[in-house]
Amino acid sequence: MNQRNYQKELETVIRTHAERGEVPKLLLHSCCAPCSSYVLEYLTRHFLVTVLYYNPNIYPPQEYRQRVEEQKSFLMRFPVGHPVEFIEGSYDTGRFYEMAEGMEQLPEGGERCFACYELRLREAAEYALRLGMDYFTTTLSISPRKNAQKLNETGERLAKEYGVAYLSSDFKKKNGYLRSVQISKEYGMYRQDYCGCVFSMREREARKKQETAG
């Protein structure tokens, strides 16, 4: 089975709406300001975007606040195509820890992360349905450490459940990740050195200790 080219699929959706003279409404889940940078630069040319910052996985609380304030600050400063709306979701950490129960010791990038994808995408789908959006998607696929295939499979499954189309994508393509790093530097953005949850933070600290010992 040939692997899908999510970037080409996205370009086809964009081209189809452009030919019809349409500007669809998109609910964009953002994991952080740096990852959202290129994605917003790209998508706001073609969609009316509402950014949803919903990340109950982030630890500790002061890290969460720093990241959400960075997101809001960036949106106020960054020139976009069509205007962007912003929603801060609930910081319901209990929901994240309930989801992660029994998977605390799994390495980053595995089943716990996949469950976290679904937790956040499900919230995005609920908002998209409530707000009457045409599509929903996430910035997560811009990261080289995130599994774009799993993200798209999860999004498409939730799209069937909620009746709102998922905008399939792999934003790291066409140098998207490199562009996000460039924009982050231009705007002096805070770039975290771990994904966000307490488990990824522990992995980062363990790596640093190993590097120091080596």
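This is a short walk through the structure above, from its sheet to its helices and then to a few single residues.

The model is predicted, so local features are described where pLDDT is at least 70, side-chain atom pairs count only at pLDDT 80 or more, and totals for chains, interfaces and linings use all residues. Residues are numbered from 1 along each chain as its sequence is written, and side-chain values use heavy atoms, with hydrogens and water left out.

Let us begin with the sheet. Helices and strands here are DSSP runs numbered from the N terminus, where a helix is H or I with at least four residues and a strand is E with at least two. Five strands form an open sheet in the order β3-β2-β1-β4-β5, with parallel pairing. Because β3 (84–88) and β5 (165–166) stand at the edges and have a single partner strand each, one side of each is left without a neighbour in the sheet. Two strands are said to pair if DSSP finds at least two bridges between them. As background, strands of a sheet pair through backbone hydrogen bonds, either parallel or antiparallel.

Now follow β2 (residues 48–53). Five bridges join β2 to β3, and the two run parallel. To find one of these pairs, look at T50, whose bridge partner in β3 is E85. Five bridges also join β1 to β2, again running parallel, and here H29 stands opposite L52 of β2. Is β2 enclosed by the rest of the structure, or open? Five of its six residues are buried, so β2 is largely enclosed by the rest of the structure. In this text, buried means under 20% relative accessible area, exposed means over 50%, and partly exposed lies in between (1.4 Å probe, protein chains only).

Leaving out residues up to four places away in sequence, L28 touches V39, L40, L43, V49, T50, V51, L52, T137, T138 and T139. A contact such as these means heavy atoms within 4.5 Å.

C31 counts as buried, because its relative accessibility is 10%. Which residues does C31 touch, not counting those up to four places away in sequence? They are Y53, N55, R120, T139 and L140. C31 and Y53 are 22 residues apart along the chain, while their C-alpha atoms are separated by 6.7 Å.

The helices come next. Axes are lines fitted to C-alpha atoms, for helices over the stretch in contact, and angles run from 0 to 180 degrees between N-to-C directions. Helix α2 (residues 33–43) and α3 pack at an angle of about 30°, with their axes 9 Å apart. The two helices are therefore roughly parallel to each other. For such labels, angles under 35 degrees count as roughly parallel, over 145 as roughly antiparallel, 65 to 115 as roughly perpendicular, and the rest as oblique. The contact is made by A33, S36, S37 and L40 of α2 and by E70, Q71, F74 and L75 of α3. These residues divide into four nonpolar, three polar and one charged. Here Ala, Val, Leu, Ile, Met, Phe, Trp, Tyr, Cys and Pro count as nonpolar, Asp, Glu, Lys and Arg as charged, and the others, Gly among them, as polar.

A second pair is helix α4 (residues 93–100) and helix α5 (residues 111–131), whose axes come within 10 Å and cross at roughly 140°. That angle makes α4 oblique to α5. On the α4 side the contact is made by R95, F96, M99 and A100, and on the α5 side by R112, A115, C116, L119, R122 and E123. Of the residues in this contact, six are nonpolar, none are polar and four are charged.

Finally, some backbone details deserve a look. Most residues other than glycine have a negative phi, and most peptide bonds are trans. Y59 and P60 are joined by a cis peptide bond, with omega about -5°, and P60 sits in the loop between β2 and α3 (61–77). K174 is not a glycine, but its phi is positive, near 55°. The loop between β5 and α7 (176–186) holds K174, which is exposed, with a relative accessible area of 59%. N175 lies in the loop between β5 and α7 and has a positive phi of about 60° although it is not a glycine. N175 counts as exposed, at 52% relative accessibility.
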